[in-house]
Amino acid sequence: SYSRNHTYNTYIGKGYIIPGMDQGLQGVCMGERRRVVVPPHLAYGENGAGSKIPGSAVLIFDVHIIDFHNPADPVEIETVYRPEGCNVTTRDRDFIRYHYNCSLLDGTKLFSSHDYEKPQEVTLGTNKVIEGLNSGLLNMCVGERRVLIVPPHLGHGESGGRAPACGCPCIANRGVELISMEEGVPEGYLFIWHGEPPANLYEQMDLNKDGEIPADEFSTFIKTQVAEGKGRLMPSSDPEKVIADMFRNQDRNQDGKITSEELKLKSDEDQEKIHEEL
């Protein structure tokens, strides 16, 4: 492998390499150098392999272990600072802003959000960042700082990736700092009420009482519900887009207005689907 200037990468214990090497690599430490002598019956047997390995050959491997991980390895989380009195922590579907520095285990810097004007933003649990970073951002308080070590199978795997796009294989140095969070909504929802929906919803939403609800009336009503603390939108950096998506979902014939027949709560829609399936 030295002549190729590239490490030989494989899994042990899965039959990917000759049995002698599967046995000989058990119990090694990172950085260890080991000589493994493999008898023919644990190598290529009486037939050999190709033009270089004759039959009944004893093989000698001089091995230097550079690095290893196991697909069962979890994300390592070290809490550097946690604010006192913290009782609200992040969960999947929450919208968060955070800073982080990303490096390889050898200290090679890959990416820092501090190089940009704004922190990173993401809705947790929506597959927008690597799995290891998402799990490392859960159960955090605003202001908390952590160092995360993300194993490859929870990062970019064996193929690698671009750090700014999705996180990175491991995170070190100043680690991760949670700047802010907004409580999320259940998957599939764009808006939820904190209590029961208003009675006579359509009549209340029809602000000028003309029997139809255009986009501006719909937007005004939803914004009022949020401002009065009666409900909340799916958290996002652009609430106008969320409301526009809500309106499009309700304007089922896409004619620019919502009728009483078109307006339906998602819970009612889900119940209708169950009846249809039954």
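How many contacts beyond four places in sequence does the model have for residues 274–278? I looked and found 0, with pLDDT under 50 over that stretch; a contact here means heavy atoms within 4.5 Å.

**Ground rules.** I am reading a predicted model, numbered from 1 along each chain as its sequence is written, where local features need pLDDT of at least 70, side-chain atom pairs count only at pLDDT 80 or more, and totals for chains, interfaces and linings use all residues. Side-chain values use heavy atoms, with hydrogens and water left out.

**Confidence.** I checked pLDDT, the predictor's confidence in each residue from 0 to 100: the chain averages 88, and 91% of the residues score at least 70. Residues 163–169 also stay under 50, yet the model has 27 contacts beyond four places in sequence for them. I remind myself that where pLDDT is low, the predicted coordinates should not be read in detail.

**Helix α5.** I took helices (H or I, at least four residues) and strands (E, at least two) as DSSP runs, numbered from the N terminus. Helix α5 covers residues 215–227 and reaches 18 Å from first C-alpha to last. Its buried residues (under 20% relative accessible area, 1.4 Å probe, protein chains only) are E217, F218, S219, F221, I222 and Q225. Among the elements covering them I noted α4 (201–205) and α6 (239–250). After α5 comes G229, with a positive phi near 75 degrees.

**Strand β8.** I counted strands as paired if DSSP finds at least two bridges between them. β8 (residues 176–182) pairs antiparallel with β4 (residues 95–103) over 6 bridges, and R97 has S180 as its bridge partner. β7 (residues 145–149) also pairs antiparallel with β8, over 2 bridges; there R145 stands opposite E177.

Terms used
The expected span of a helix is 1.5 Å times one less than its number of residues. Buried means under 20% relative accessible area, exposed over 50%, partly exposed in between (1.4 Å probe, protein chains only).
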